[in-house]
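Open the model in your viewer and keep the selection panel at hand. The tour goes stop by stop.

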Amino acid sequence: MTSAAIAFYIISAFILVTGILTVFTKKLFRAAIWLLLSLIGIAALYFAMEVDFAAAVQIIVYVGGIVVLIIFSIFLTNNEGVNMPSALSKRKIFSALASVCGAGYTVMLVNQHIWMTPSAKVYDPAVKKIGYLLVSNSPSSYVLPFEVVSILLLAAMVGCIVIAIKAKPEEK
Amino acid sequence: MNGVPLTHMIIVSTLLFFIGAYGFLTRRNLIAMLMSVELMLNSVNINFIAFNKYLFPDNLDGLVYTIFIIAIAAAEAAVAIAIIINLFRNTRSIDAEYADKLKN
């Protein structure tokens, strides 16, 4: 077992344990912190896979953006220190059954599958190549989805403001 | 990352996906449900990057898709939180069991 493999198994155990804690913790704020640690673990996994750009994007957008947004909304909506109500035990049993069966079946399929032999080239996710792939005028670039995503982000931003803005008293 | 087979990477992301699915099915708080959805989206991202690195190392399409998924997940989380805050303002609760105003 190489050191990279040991690092991979430690990081994946960290991700799974913090993910389980995110799902099972009774307190909402603690769940957000476990989610934060899980997302950092996924960024570490990207670093271990030498995909530095994805790791940086993961930290900037998820850890720096989405989790902070979630924590803000917890502060806006939640009573501190109150345990979340647990689900009905019937629903818990059936959800656990569905998750365990689905995970077991998928793992079995993955174990049986014979993967295609990869090409012998070296994986090189340099930022320059990603930039050319995103916004260049070659026919294989992703410039149209890139622009569509930017319009989507703008629309989502305007939509958020419209939904979450407080109505003025006279308009009520 | 030599020495780690692709199968183990896929198994990690599978387990993370079903942890998120369990949370989505059992949580009653809307923000906790949103967190579970984020876990599921992240497991898909791990899949994309692992397939890209192991099976198609000569092009970077999986990485580009991951970046698009992250962008769309950010937009989705922002819209979801705006809706949750508006719901809280109207009903003083973010429990999924009581979010049934559209029914009446």
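Predicted model: local features only at pLDDT ≥ 70, side-chain atom pairs only at ≥ 80, totals over all residues.

Which residues of α3(A) are buried? Select these: A:A54, A:A55, A:V57, A:Q58, A:Y62, A:I66, A:V67, A:I70, A:S73, A:I74 and A:T77. Buried means that 20 or more other C-beta atoms lie within 10 Å of the residue's own; exposed means 12 or fewer, partly exposed is in between, and C-beta atoms are placed from the backbone.

Residues are numbered from 1 along each chain as its sequence is written, and chains are lettered from A and ligands numbered from 1 in the order in which they are written.

**The helix itself**

Now select residues 52-77 of chain A, helix α3. Helices (H or I, at least four residues) and strands (E, at least two) are DSSP runs, numbered from the N terminus. α3(A) has 26 residues and reaches 36 Å from first C-alpha to last, close to the 38 Å expected. That expected span is 1.5 Å times one less than the number of residues.

Centre on A:Y62. α3(A) has a kink of about 25 degrees there. The bend is the angle between axes fitted to the seven residues ending at a residue and the seven starting there. A:Y62 is also among the buried residues of the helix.

**What covers it**

Show α2 (28-48) of chain A, then α2 and α3 of chain B. These are included in what covers the buried residues of α3(A).

**The chain contact**

Colour the contact by chain. Chain B gives 58 residues and chain A gives 73; two residues are in contact if their C-beta atoms, placed from the backbone, lie within 7 Å. On the side of chain B that touches chain A, α1 (6-26), α2 (30-54) and α3 (61-91) of chain B each give two or more residues. α3(B) gives the most, 20 residues.

**Two positive phi values**

Go to A:E50, in the loop between α2 and α3 of chain A. Its phi is near 65 degrees, positive in a residue other than glycine. A:E50 counts as partly exposed because it has 13 C-beta neighbours inside 10 Å.

Finish at B:R92, in the segment after α3 of chain B. Here phi is near 60 degrees, again positive in a non-glycine residue. B:R92 is exposed, with 9 other C-beta atoms within 10 Å.
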